[in-house]
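Work through the exercises below with the sequence and the 3D view at hand. Try each task before reading its solution.

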Amino acid sequence: MNIAMFASEALPLSKTGGLADVVYSLSKELSKDKANEVVIFTPYYQNAKISAFPKMKDLGEIAVDLSWRHLHAHFWEGRSGRLRYVLIENAYYFHRPALYGYHDDCERFAFFGNAALAALRFLHFSPDILHVHDWQTGMIPCLLKEKEEYRNDPLFAHTKTVLTIHNPAFKGFIDRYFLADFWGLPDSLYDNGQVRFDNMVSTLKAGIVYADKITTVSPSHRNELLSPDSDQRLNGVLALRKDDFEGILNGIDVEEWNPSSDPFIAKTYTAKTWKEGKKANQKALLSTFGLKKGKGPVFAMISRLSWQKGVDLLLESIPPFLQTNNEGTLFILGSGEYALERRVQALRDAYPERVGVYLGYQNALSHQIYAGADFFLMPSLFEPCGISQMIAQRYGTLPIVRYTGGLRDTVDGYDGDITKYADGIGFRDYDVGGLTYGISKANELYHKPLEYAKIVGNALRKDNSWKKSAAAYLRLYEAAIKEE
Ligand code: ADP
């Protein structure tokens with residue numbers, strides 16, 4: 001199958017969020033099968049990490065029009081194994097310090113979309129699947145169906161489109177005037193409501209209306225987006241596409257996150273040797289922070305310190321578990337909102353012997369914490385998918401999560417007696433009572449060695465790999481191709 005990914009960011013070149021991980025990991029996994037040819041089309045930003053492609057090939061430059069604007073696009077090719085990247089260069093639009101945040105973002109990505117379609121023609125690459133991501137490339141399925149120049153092009157005769165929604169908060173709003181001014185599309189698409197959202201055009205909505213299939217990053221997040229209570233207000237249009245809308249969980253990179261070969265941790269371990277392994281890693285972690293083990297478990301949070309992540313709930317719920325009768329320990333690695341950083345420091349100052357804090361981003365330390373902690377805290381308000389809870393499971397560190405979005409889909413909570421399938425702890429209410437329940441369940445479980453070992457074993461053996469997710473995408477692609 002020929003698969004073209006159109007994405008505004010992709011590792012190893014560029015990243016501001018999960019989109020870059022998904023595009024890279026999914027494409028890498030799909031390209032392992034020789035039956036698939038996968039090409040990622042992405043902008044050549046000023047700060048793109050092109051050192052990842054020491055043998056970048058100059059494919060040449062062509063003229064690309066954005067309606068009345070006559071522009072140029074220069075194409076470069078990078079390879080990573082069987083996976084191909086086509087970088088689209090245009091100094092005016094992409095040689096800027098940041099990926100997003102400019103007044104002309106909509107114009108920049110309208111150009112990118114047109115140039116990526118032109119690149120397909122230039123390379124004679126006829127995609128069976130054209131997979132677009134978020135608002136930046138949301139307009140592409142509409143262009144393929146509404147513009148004659150694409151409808152009549154044999155290159156796209158068999159092309160099916162897939163839209164993945166990573167961040168539904170960004171709608172790609174733009175004035176109706178630009179339908180013609182960027183894409184040469186008729187005003188009627190606004191008037192008949194196909195691309196209209198409030199009194200604007202939304203490129204994300206256009207993607208939802210026109211793509212053959214739509215996905216988001218977990219089954220529960222799909223249901224949340226379909227709910228009439230959803231803050232994103234996409235439920236109306238998504239309801240019309242319900243049968244073509246699927247939630248597919250992201251995976252984790254099981255090579256990067258592997259306790260049996262992790263170069264950053266004090267002692268590597270497997271599902272058989274985890275007890276000694278985690279003990280040694282815990283000892284090393286405690287000594288890094290100059291702390292001593294208490295009677296209770298070691299809890300950890302590794303996160304952006306943002307209101308979304310439930311840090312305030314943690315700060316209020318954890319103190320009783322650090323005190324004399326429980327003697328738990330807490331590590332927090334994170335950075336973010338100033339007020340939360342100060343409150344995290346205040347907690348450490350209140351319990352200097354029981355709390356270790358590192359404010360900043362530190363990859364090696366994150367590995368050491370995943371390996372050395374007993375429980376991982378993720379009391380998020382919302383979480384479309386989330387990956388930290390899956391990394392924690394891979395290290396046998398039981399996640400304590402609030403059941404929302406992908407956290408609900410990836411954690412089977414221990415509820416006091418059933419341990420057969422449990423691989424973490426979950427709670428429902430986003431409040432101090434909810435998280436207190438979660439932490440006390442963890443505390444209770446920690447002192448029941450047989451049940452605890454069973455649940456840690458379940459977590460360690462869990463398959464959170466991209467292999468499983470890529471297979472789900474492939475099934476969706478195949479279903480799209482079969483449909484008339
Ligand atoms: P989000 O994308 O909303 O921040 P995820 O759970 O999807 O949340 O991904 C967070 C990723 O970032 C995880 O791999 C986590 O280990 C990592 N991470 C977050 N904060 C830090 C930090 N301060 N230092 C190192 N890694 C971090």
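**Exercise 1. Find the strand that holds L87, and decide whether L87 is buried or exposed.**

Solution. L87 sits in strand β5. Helices (H or I, at least four residues) and strands (E, at least two) are DSSP runs, numbered from the N terminus. The model is predicted: local features need pLDDT of at least 70, side-chain atom pairs count only at pLDDT 80 or more, and totals for chains, interfaces and linings use all residues. Residues are numbered from 1 along each chain as its sequence is written, and side-chain values use heavy atoms, with hydrogens and water left out.

Next, the accessibility. L87 counts as buried because its relative accessibility is 0%. Buried means under 20% relative accessible area, exposed over 50%, partly exposed in between (1.4 Å probe, protein chains only). Last, look at M56. L87 and M56 are 31 residues apart in sequence, and their C-alpha atoms are 9.7 Å apart in space.

**Exercise 2. Locate R84 and name the residue whose side chain it contacts.**

Solution. R84 belongs to β5, residues 83-89. With 16% relative accessibility, R84 counts as buried. Its side chain makes a polar contact of 3.1 Å with the side chain of E77. A polar contact is a pair of N or O atoms within 3.5 Å; within protein, one must be able to donate a hydrogen and the other to accept it, and residues adjacent in sequence count only if both atoms are side-chain atoms.

**Exercise 3. Give the strand order of the open sheet that contains β10, and explain why β8 and β9 each have a side without a neighbour.**

Solution. The order is β8-β10-β9, with antiparallel pairing. β8 (173-174) and β9 (196-197) are at the edges with a single partner strand each, so one side of each has no neighbour in the sheet. Two strands pair if DSSP finds at least two bridges between them. β8 and β10 (residues 200-202) are joined by two bridges.

**Exercise 4. Describe the side chains and the partners of β16.**

Solution. Start with the side chains. In a regular strand they alternate between the two faces of the sheet. In β16 (residues 375-378), F375 and L377 point one way, F376 and M378 the other, and all are buried.

Now the partners. β13 (residues 298-305) runs parallel to β16, joined by two bridges. Here A300 stands opposite F376. β17 (residues 398-402) also pairs with β16 in the parallel sense, over four bridges. L398 in β17 is the bridge partner of F375.

β16, helix α16 (residues 388-394) and β17 form a right-handed β-α-β unit. Right-handed means that, with the strands pointing away from the viewer, the path from the first strand over the helix to the second runs clockwise.
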